[in-house]
Amino acid sequence: IAKFLYHFTTAGKEPGLKIWRIEHMDLKPVPKNLYGNFYTGDAYLLLYTTSLPSYNIHMWLGEECSQDESGACAILCTQLDNYLGGYPVQYREVQCNESLTFQGYFKSGIKYQKGGIASGFRHVVTNDANVKYVLHVKGRRTIRATEVEFSWASFNQGDCFIIDLGKDIYQWHGKQCNMFEKTQALNMSRKIRDGERNGRATVHVVEEGEEPQALIDALGPKTAISPPIPDSDTVETANKNKAALYMISDASGSMKTACVAQSNPFKQEMLIPEECFILDNGVDNNVFVWKGPKANEAERKAAMTAAQEFIKEKNYSNKTQIQVLPAGGETTLFKQFFKNWMDKDQTKGPTKPFTIGRIAHVQQIPFDASTLHSNHAMAAQHKMVDDGSGKIQIWRVEEGARVPVEPASYGQFYGGDCYIILYTYKQGSREQHIIYTWQGLKCTQDELAASAFLTVQLDDSMGGEPVQVRVTQGQEPPHLMSLFKKKPMIVHLGGTSRTGGQTKAGSTRLYHIRSSTTHATRAVEVTPSACSLNSNDVFVLKTPNSLFVWRGIGASEEEVATSKHVVTFLGGSPVDVVEGKEPATFWTALGGKKEYQSSKSLQKMIKAPRLFGCSNKTGRLVVEEVPGDFGQVDLATDDVMLLDVGDQIFLWVGSQANEVEKTGAPKIAKEYVDTDPSGRSGIPITTIKQGAEPPIFTGWFHAWDVCMWEKSPLENI
């Protein structure tokens with residue numbers, strides 16, 4: 001136990017994700033650039049720490065891991081929980097059946113490779129060009145790439161496959177693979193290129209029937225490709241509302257359970273503080289253990305064991321997910337089985353929403369509606385290599401060359417330019433480098449090509465050591481947003497920063513300011529119209545004769561502070577405007593008062609909105625949640641998407657959704673509401689179509705881009 005505790009000395013000390021692999025009954029840290037890669041013969045322990053702090057512990061079991069390793073992982077999970085005072089939420093994750101919370105950590109996808117520590121396979125940070133394997137890529141909301149036999153026999157016409165040959169990465173598309181799946185697979189290909197090859201590999205996209213000779217040489221003569229494989233592991237939506245509640249009478253000895261309620265929705269009062277309870281949603285592969293705050297210590301410590309015993313007793317699948325929850329740390333998935341769940345000290349109005357410190361202790365804080373966009377349920381975070389305090393150099397691409405940008409204007413990006421950002425930071429005693437290539441949406445094809453060439457040139461001049469990250473305007477990762485020393489990132493709609501080349505800015509300009517879940521802020525120039533406003537954010541409006549700072553009733557202090565930087569750039573003396581008290585000159589500058597995102601949910605809702613993909617492509621209705629922080633890019637144009645904002649449901653019908661989905665959209669929404677485990681009913685359902693989105697919908701997405709779908713998602717990447 002002492003050697004295990006040695007690994008835990010830094011656990012929970014700072015926000016973010018830590019991953020260890022179980023190796024010979026010991027813990028070995030996984031390198032951060034390989035987070036999301038798992039060997040199927042191994043077990044892993046993950047700890048996610050929020051800034052509150054609160055904690056999630058995940059024990060992940062590969063389908064081929066040994067009993068010894070899974071047993072050691074369970075012991076370590078309990079030890080880590082004890083080390084953190086019993087406050088964490090614990091999850092048991094099984095390969096290909098991970099919780100939505102787990103999936104949210106890896107927005108670029110999860111990769112499963114054959115073998116494990118027993119086979120001599122180790123996680124090594126490498127530029128090794130001698131690798132050779134095939135990955136079968138599946139999933140629309142969560143990308144899962146599983147290693148398969150290195151043979152044409154592994155391929156089928158309905159999916160994407162990645163053939164990794166080290167210096168060359170081939171992405172192969174079956175004839176019946178759709179555009180959204182191709183786009184998701186390309187995210188995984190880029191993750192391998194940037195994370196495992198440090199950007200020093202080339203990604204090739206190959207359509208079935210157009211295979212290059214290099215691919216034939218690697219895989220051998222091409223054989224007949226199998227027809228598409230139907231998805232058979234989906235669950236009927238109606239199953240999701242079937243649950244029962246049991247009280248555990250003695251989890252530490254001979255476990256006995258007594259049924260408290262045979263069906264949900266349950267009453268919160270059923271959870272007695274002196275006891276532990278099992279919520280059985282095994283029909284949907286979920287089992288929860290709730291630990292009463294006054295239950296005896298032995299029962300609380302044996303909670304995970306109790307759940308595993310319960311699964312065996314019920315003959316449930318060994319892939320059943322387990323969540324162990326302390327009182328005060330209940331997840332969204334758990335709370336949805338209760339009617340009108342109220343958290344301790346939760347307020348009903350826009351005054352003092354609660355936050356959780358160490359989960360078990362609830363404290364009051366001043367109202368900050370930015371929590372609306374902190375998706376605590378899924379705890380989605382993009383990885384941050386450091387806090388952004390390293391050294392930064394920025395060049396603009398100009399006439400095929402790198403031209404230094406004045407440090408005073410660092411953080412400002414123009415849509416008509418391309419930029420190369422070199423970031424240097426210390427990892428131990430060694431310097432590490434990241435090259436970000438930022439490409440504006442209105443730059444020329446010549447500048448795009450030059451930016452790629454100049455990035456490689458800079459990389460070569462540094463011995464090929466830097467990690468390369470290509471960034472498209474509007475898709476900036478939080479780490480890039482954090483590099484500007486307490487200044488926000490400001491993205492201008494178009495124009496250029498080059499000397500003498502500026503196009504004249506519009507006479508009226510509007511900037512939308514929002515903070516991310518990582519507390520980085522970004523100000524994005526948007527169309528100067530009242531319908532661009534959002535009650536949850538701050539906006540800066542510049543006209544020839546005036547300057548306004550408009551604060552929505554749900555805006556955060558971080559967003560207000562960011563507005564001062566935008567004001568300094570635009571120049572002038574600002575007039576502070578509070579939502580609801582706007583002068584007539586404000587609305588006149590925006591072309592008149594119009595409807596904008598001002599949902600009551602923004603004023604009273606604490607939990608974040610949720611986005612789902614709805615599809616009947618398998619012959620039955622499947623509703624699948626998008627993990628992590630969602631954005632406009634997650635709207636699949638060949639699906640119907642469901643946005644749940646608490647007091648209203650939006651159905652977004654993609655332009656390529658099939659006719660059954662289009663005509664059945666109201667039924668999909670009704671089924672979703674009717675099968676909500678909390679018994680919710682009667683809320684408004686609004687159906688909208690791609691290309692005709694009203695502000696009450698677009699306002700839930702940061703800096704909505706009306707031009708996003710003019711090109712295919714694959715072309716945009």
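The model is a predicted one, in which local features need pLDDT of at least 70 and side-chain atom pairs count only at pLDDT 80 or more, while totals for chains, interfaces and linings use all residues. Residues are numbered from 1 along each chain as its sequence is written, and side-chain values use heavy atoms, with hydrogens and water left out.

Seven strands make up an open sheet in the order 3-7-9-8-10-11-12, with mixed pairing; strands here are DSSP runs of E with at least two residues, helices are runs of H or I with at least four, and both are numbered from the N terminus. Two strands count as paired if DSSP finds at least two bridges between them. Strand 3 (37–39) and strand 12 (202–207) sit at the edges with a single partner strand each, so one side of each has no neighbour in the sheet. From one strand to the next, the twist averages 25 degrees (axes are lines fitted to C-alpha atoms, for helices over the stretch in contact, with angles from 0 to 180 degrees between N-to-C directions).

Strand 10 (residues 160–164) is well wrapped up: five of its five residues are buried, where buried means under 20% relative accessible area, exposed means over 50%, and partly exposed lies in between (1.4 Å probe, protein chains only). In a regular strand the side chains alternate between the two faces of the sheet. Here C160, I162 and D164 are buried on one side, and F161 and I163 are buried on the other. Strand 8 (residues 133–138) runs antiparallel to strand 10 and is joined to it by five bridges, with L135 partnering I162. Strand 11 (residues 168–173) is likewise antiparallel to strand 10, again with five bridges, and there I162 stands opposite Q171. Strands 10 and 11 form a hairpin with three residues between them, and G166 in the turn has a positive phi of about 90 degrees.

Helix 4 (residues 179–196) has 18 residues, which at 1.5 Å a residue should span 26 Å; the end C-alpha atoms are 25 Å apart, so the two agree (the expected span is 1.5 Å times one less than the number of residues). Of its 18 residues, 14 are buried. N178 caps the N-terminal end, with a side-chain oxygen 3.0 Å from the backbone nitrogen of F180. Just after the helix, N198 takes a positive phi of about 50 degrees.

As for nonpolar cores (sets of buried Ala, Val, Leu, Ile, Met, Phe, Trp, Tyr and Cys residues joined through side-chain atoms within 4.5 Å), the largest has 36 residues, and L45, L47 and L80 have the most contacts inside it. Helix 7 (residues 303–313) gives the most to this core, with six residues. Apart from it lies another core of 21 residues, including V405 and W438.

Finally, L271 falls in the loop between strand 14 (257–261) and strand 15 (276–281), yet is buried, with a relative accessible area of 9%. Not counting residues up to four places away in sequence, L271 touches L245, F277, W290, F334, F338 and W341, a contact being heavy atoms within 4.5 Å.

Note on methods. A polar contact is a pair of N or O atoms within 3.5 Å; within protein, one must be able to donate a hydrogen and the other to accept it, and residues adjacent in sequence count only if both atoms are side-chain atoms.
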